[in-house]
Amino acid sequence: MNNYKKTLAALLLLTPAFALSSMAQEDKGTKIDQLSVESRISYDYQGREATPDRIENKGFKGKFLNLRIDGQIVKGLTFSYRQRLNKNTDQTFFDATDWLHVDWAATNRLSLSAGKQVVAIGGYEYDRAPIDLYSCSEFWNNIPCYQLGVSATYRLGQKHSLLLQVCNSPFRSWMNNNNSYGINLMWYGNVGRWQTMYSANMLEYAPGDWVKYIALGNRFLIANGLHLDVDLMSRSALDQSALLKDFSIMSELSYSPTKALRCFAKYTYDQNKSGDNADKLILDGTQLQMGSAGVEWSPIDNNYRDALRLYATGSYSWGDNTNPNGTMQDKELKIEAGVKFRLDILEGIQRMIPRR
């Protein structure tokens, strides 16, 4: 933990340098576009009907403390970095880095990226920032979704794009082997009121053995401020068909009558009846459901960059989870209320420094 404290202190000491460098070198092309810190703090209650005793867990908790830096090296060459400062790991400090990648706009249609990235798996629950999500599926809670790799994105006009990615397998920690890979193809689509994030994935879960994913993320824009996300995911080993045996469903209805208020209801279903151990995230024998609802509200007028949000949410899960360390269990109630904020450090420093 001392390494985390030293790193955080060093980053905070370098903050003024980032700001001054951004202002001084803006005309030369090199600049920092974003330097921010975000966090989420809450009061949690967790109760589960168990035999012989009822298990309860409650108290104040800090879930996230993230540092994010985005900028431009030269025109057409950008970088993005997000560090999870509160994530302790028994491996290396770099394992607590969510992402750190360089992106090159090779042409108007083609862009290339290299570094630590989000593994390109389809679905709107999977795609959103963890700090903005509540009551997620068992799959989402278990997937190590940040891995080293390279990717290429090709834009098919204004509304569609394809992404091809080769990266380390998310299952490498189970294998204790970095020499394992994932091959991912993603389609981002926009068809009027229907938007898509579809993917086909091959992920190595044992040396020479692969599990395949078909992930279909759908967003339906029903009306102004009202949309429905429906994610469908099927998983199977390449030597068998596991259609309707190993799969997940994630759906969320979200309504924002104003910029300050958002209400949502959610349902997830995770099942694995495949009979094998290819899926390391939803273990064989699992059949688990979860329903939840919640609200977010900002007390700040014209909440710039979503700087402050108060929220409350509750969920109830039921069914069988064969993973004893899983995040959801049978007949489990969770209630969470708290605050999340994003502090734009760069903007604050620039306002303090007079510009000539």
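This is a predicted model: local features need pLDDT of at least 70, side-chain atom pairs count only at pLDDT 80 or more; totals for chains, interfaces and linings use all residues.
Colleague: Is N218 buried or exposed?

Modeller: N218 has a relative accessible area of 8%, so N218 counts as buried.

Colleague: What does the side chain of N218 make a polar contact with?

Modeller: The partner is the side chain of Y198, at 2.6 Å. The N218 side chain also reaches the backbone oxygen of L216, at 3.4 Å.

Colleague: Which residues is N218 in contact with, leaving aside neighbours within four places in sequence?

Modeller: Those are Y124, W194, Q195, T196, Y198, L228, D229, V230 and D231.

Colleague: Turning to the largest nonpolar core, how many residues has it, and which have the most contacts inside it?

Modeller: This core has 22 residues, and those with the most contacts inside it are I121, Y126, F139, I143, F171, Y205 and Y213. At least two core residues come from each of β9 (194-206), β10 (209-223) and β11 (226-237).

Colleague: And what does I121 touch, not counting residues up to four places away in sequence?

Modeller: I121 touches Y126, I143, M186, S199, N201, L203, Y213, A215 and M233. There is also a second, separate core of ten residues, with L35, L67, Y81 and I349 among them.

Colleague: Now the surface: which residues make the nonpolar patch?

Modeller: V150, Y154, L156, L162, L164, V166, Y181, I183, L185 and M202 make a patch of about 830 Å². Two or more of its residues come from each of β6 (146-156), β7 (160-168) and β8 (181-191).

Colleague: Where is I183, and what is its relative accessible area?

Modeller: I183 is in strand β8. Its relative accessible area is 38%, so I183 is partly exposed.

Methods:
Residues are numbered from 1 along each chain as its sequence is written. Side-chain values use heavy atoms; hydrogens and water are left out. A nonpolar core is a set of buried Ala, Val, Leu, Ile, Met, Phe, Trp, Tyr and Cys residues joined through side-chain atoms within 4.5 Å. Buried means under 20% relative accessible area, exposed over 50%, partly exposed in between (1.4 Å probe, protein chains only). Helices (H or I, at least four residues) and strands (E, at least two) are DSSP runs, numbered from the N terminus. Contact means heavy atoms within 4.5 Å. Patches are made of residues with over 30% relative accessible area and no salt bridge: like charges are joined within 9 Å, nonpolar side chains (Val, Leu, Ile, Met, Phe, Trp, Tyr) within 5 Å. Accessible areas come from the Shrake-Rupley method with a 1.4 Å probe; for residues, only the protein chains shown count as cover. A salt bridge is a side-chain nitrogen of Lys or Arg within 4 Å of a carboxyl oxygen of Asp or Glu. A polar contact is a pair of N or O atoms within 3.5 Å; within protein, one must be able to donate a hydrogen and the other to accept it, and residues adjacent in sequence count only if both atoms are side-chain atoms.
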